[in-house]
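Have a look at the sequence and structure first.

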Amino acid sequence: MTSARAIEPDLIAGALSLDFANTCGGRKLEQPIDRLQEAADLVAWAEHAGVLDAATAKRLRAELARDDATARRWLRRALTLREAIHGVGASIERGEAPAAVDLGTVLAALRQGLAGASLAPTADGVYRPDFAGNAGSDAILGPIAWDAIEMLGHGPLDRLKACPAEDCGWLFIDRSKSGTRRWCDMATCGNRAKARRHRQAGR
């Protein structure tokens, strides 16, 4: 069964790993909006984000259906990686050095994912790790960790920003030509902020 909450958010971050971090939003709120509440949400989001093809997603759902302990372990690993990526991104956005523990968590997830990966040619003629044959959650977390390492190595980290909306805080790479993008999405957070300003001006 598809988890609606997991496939609801738009993929606006400009980097897979940041989109994964954004599965939790409104972190400053009393009750943050967490779209990964069970392991099935993780598989649904990964298929939504293009990490998994339909066949691999079906295989992983079958694995989850066999064992509740496996599901809990997958979710625990996913949330640990997600919070580490968010910690790294938020630190860079503030102009601070990321915590060594967060960097270590990302690197450990990549190492584990690479252990079961193969090298496959891409459409642009280069070879990249293919994590689809990995067992369990490494088929999902491996590609996410790889993307985080690629982002850290190639940037542009000076374009890494956080949406200023209190109920959002999503991270994204500003790939606009001018480098002046402020909101995660002008159609949502940007328009809400604009409407608030109009109401305040009207008072």
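Where is the place of Val88? Val88 sits in helix 5. This is a predicted model, in which local features need pLDDT of at least 70, side-chain atom pairs count only at pLDDT 80 or more, and totals for chains, interfaces and linings use all residues. Residues are numbered from 1 along each chain as its sequence is written, and side-chain values use heavy atoms, with hydrogens and water left out. Helices (H or I, at least four residues) and strands (E, at least two) are DSSP runs, numbered from the N terminus.

Val88 is buried, with a relative accessible area of 4%. Here, buried means under 20% relative accessible area, exposed means over 50%, and partly exposed is in between (1.4 Å probe, protein chains only). Leaving aside neighbours within four places in sequence, Val88 is in contact (heavy atoms within 4.5 Å) with Pro98, Asp102, Leu103 and Leu152.

Gly136 belongs to the loop between strand 4 and helix 7. Gly136 is buried too, with a relative accessible area of 8%. Again leaving aside neighbours within four places in sequence, Gly136 is in contact with Arg59, Leu60, Glu63 and Trp74.

Each of these residues also has a partner further along the sequence, as the table shows.

| Pair | Apart in sequence | C-alpha to C-alpha |
|---|---|---|
| Val88 and Val101 | 13 residues | 9.6 Å |
| Gly136 and Ala71 | 65 residues | 9.6 Å |

**How helix 5 packs**

How do helix 5 (residues 68–93) and helix 7 cross? Their axes come within 11 Å and cross at roughly 10°. Axes are lines fitted to C-alpha atoms, for helices over the stretch in contact, and angles run from 0 to 180 degrees between N-to-C directions. Helix 5 and helix 7 are therefore roughly parallel to each other. Angles under 35 degrees count as roughly parallel, over 145 as roughly antiparallel, 65 to 115 as roughly perpendicular and the rest as oblique.

On the helix 5 side, Arg77, Ala78, Leu81, Ile85, Val88 and Ile92 meet Asp138, Leu141, Ile144, Ala145, Ala148 and Leu152 of helix 7. By class, this contact has ten nonpolar, no polar and two charged residues. For these classes, Ala, Val, Leu, Ile, Met, Phe, Trp, Tyr, Cys and Pro count as nonpolar, Asp, Glu, Lys and Arg as charged, and the others, Gly among them, as polar. An α-helix has 3.6 residues a turn, so residues three or four places apart point the same way.

Helix 5 also meets helix 3: their axes come within 8 Å and cross at roughly 60°. Helix 3 and helix 5 are therefore oblique to each other. Ala39, Leu42 and Val43 of helix 3 make this contact with Ala71, Trp74, Leu75 and Ala78 of helix 5. By class, the contact has seven nonpolar, no polar and no charged residues.

**Helix 3 in its surroundings**

Seven of the ten residues of helix 3 (residues 39–48) are buried, so this helix is largely enclosed by the rest of the structure. The buried residues are Ala39, Asp41, Leu42, Val43, Ala44, Trp45 and Ala46. They pack against helix 1 (4–7), helix 2 (16–21), helix 4 (54–66), helix 5 and helix 7.

**Two backbone details**

Helix 3 is followed by Gly50, whose phi is positive, near 85°. Between helix 7 and strand 5 (160–162), the loop includes Pro156. A cis peptide bond joins Gly155 and Pro156, with omega about 5°. Most residues other than glycine have a negative phi, and most peptide bonds are trans.

**Cavity and pocket**

On a 1 Å grid over the protein atoms alone, a cavity is a set of points where a 1.4 Å probe fits but cannot get out, and a pocket is an open set with protein on both sides within 12 Å along at least five of seven lines; lining residues have an atom within 4 Å of a point. Grid points are joined across faces, edges and corners, and a volume is the space filled by probe spheres set on the points.

The structure holds one cavity of 30 Å³ or more. The largest cavity has a volume of about 40 Å³. Val88 returns here, in a lining with Leu18, Ile85, Gly89, Val106, Ala148, Met151 and Leu152. Helix 5 and helix 7 each supply at least two residues of that lining.

The largest pocket has a volume of about 360 Å³. Of its 16 lining residues, the closest to the centre are Leu16, Pro129, Phe131, Pro143 and Trp146. Helix 7 gives the largest share of the lining, five residues. By class, the pocket lining has ten nonpolar, one polar and five charged residues.
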